[in-house]
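Let's walk through this structure together, from its strands to its rings and its surface. Keep the viewer open as you read.

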Amino acid sequence: MSLLSDLINLNLSDTTDKIIAEYIWIGGSGMDMRSKARTLSGPVSDPSKLPKWNYDGSSTGQAPGEDSEVILYPQAIFRDPFRRGNNILVMCDAYTPAGEPIPTNKRHAAAKIFSQPEVVAEEPWYGIEQEYTLLQKDVKWPIGWPVGGYPGPQGPYYCSIGADKSFGRDVVDSHYKACLYAGINISGINGEVMPGQWEFQVGPAVGISAGDELWVARYILERITEIAGVVLSFDPKPIQGDWNGAGAHTNYSTKSMRSDGGYEVIKKAIEKLGLRHKEHIAAYGEGNERRLTGRHETADINTFLWGVANRGASIRVGRDTEKQGKGYFEDRRPASNMDPYVVTSMIAETTILWKP
């Protein structure tokens, strides 16, 4: 096995200018990530200089067998923490051969919103708190839990340490460093309320880059769990009963909100979000009704309410924002399995472009 490790860790730059580019895209379920690699003649730092590629969409649920070719357009480049050296990860979106975005390509519509002059002028910042659960591979039960049984009730696990309270830290810390290596603006990690559940935060990121960075951070995490032999779950309520669900709280601000008088801008934005509550909920992830029950630090899915420092609200405004009269707010409604392209662009569209 030491020879295998030596080969995996070979530094290609010692002998060749060629690099490996891992093209990443989102599959037919809207949550499954796919990737394949190709050799390039030398280092590339600009996605527009990368060649387009294609894949068999009939094998990912994205095209019929008789016309299965889907085209990958490279959109963002990250350093590859697995192959290292000059090798890269390439986040792509997917199109028909005629150049039309396929239905699961949510990036295309998001990029249109983020390129609107009114949105560009507001410099929308996002910080996304991605919660997830690590499962035992063969039984699909959270790691650290007795097979077929339950640990003690919630309380000791949040941000905990200790072999009886914290499970999966090696995966979590590996992911943290790998994201920093890749160039993702990962801003922190913590253990969550339910044992075997963790969170990482991406941001602040501006506009479309928030979606690119979160998707690639998810990809890196699933690659690491593959190596560790555990299963990654983004289910918003992986365990029924008196256990916290998993969300993707989305922190948001615009230039106007970050400027003097921003608190009034925030309140108007929240009012607009309330008017479109049902539309946002419909786009905020599958199975979210199992999580948004009004319990376990959530607001009921059918109720829109906001408050300062209220973790049981749909929208939470921080104490510092209220005190300083400017800052950001947190949309607590998105589920852990949301599409960040959809959520970030929808928040910008509702708060900046939409006229009620």
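The model is predicted, so local features need pLDDT of at least 70 and side-chain atom pairs count only at pLDDT 80 or more, while totals for chains, interfaces and linings use all residues. Residues are numbered from 1 along each chain as its sequence is written, and side-chain values use heavy atoms, with hydrogens and water left out.

Now look at the strands around that bridge. Strand β1 (residues 19-26) and strand β2 (residues 33-40) pair in the antiparallel sense over 8 bridges. Strands here are DSSP runs (E, at least two residues), and helices are runs of H or I with at least four residues, numbered from the N terminus; two strands pair if DSSP finds at least two bridges between them. With 6 residues between them, β1 and β2 form a hairpin, and Gly-30 in the turn has a positive phi of about 85°.

Strand β7 (residues 186-191) and strand β8 (residues 197-206) run antiparallel and are joined by 5 bridges. Gly-191 has Trp-198 as its bridge partner in β8. The hairpin has 5 residues between its strands, and Gly-196 in the turn has a positive phi of about 90°.

Next come the rings. A search of the whole structure finds 12 aromatic pairs. One of them joins Tyr-132 and Phe-200: the ring centres are 6.0 Å apart and the planes are at 50°, so the pair is tilted. Rings of Phe, Tyr and Trp (its six-membered ring) pair if their centres lie within 6.5 Å; planes under 30 degrees apart count as stacked, over 60 as edge-to-face and the rest as tilted. Because Tyr-132 lies in strand β6 (residues 125-136) and Phe-200 in strand β8, this pair ties together parts that are 68 residues apart in sequence. Both Tyr-132 and Phe-200 are buried, where buried means under 20% relative accessible area, exposed over 50% and partly exposed in between (1.4 Å probe, protein chains only). Trp-145 and Tyr-150 form a tilted pair too, at 5.9 Å centre to centre with 55° between the planes. Trp-145 is buried, with a relative accessible area of 4%.

Finally, turn to helix α1 (residues 2-8), where Leu-3 lies. Leu-3 counts as exposed because its relative accessibility is 57%.
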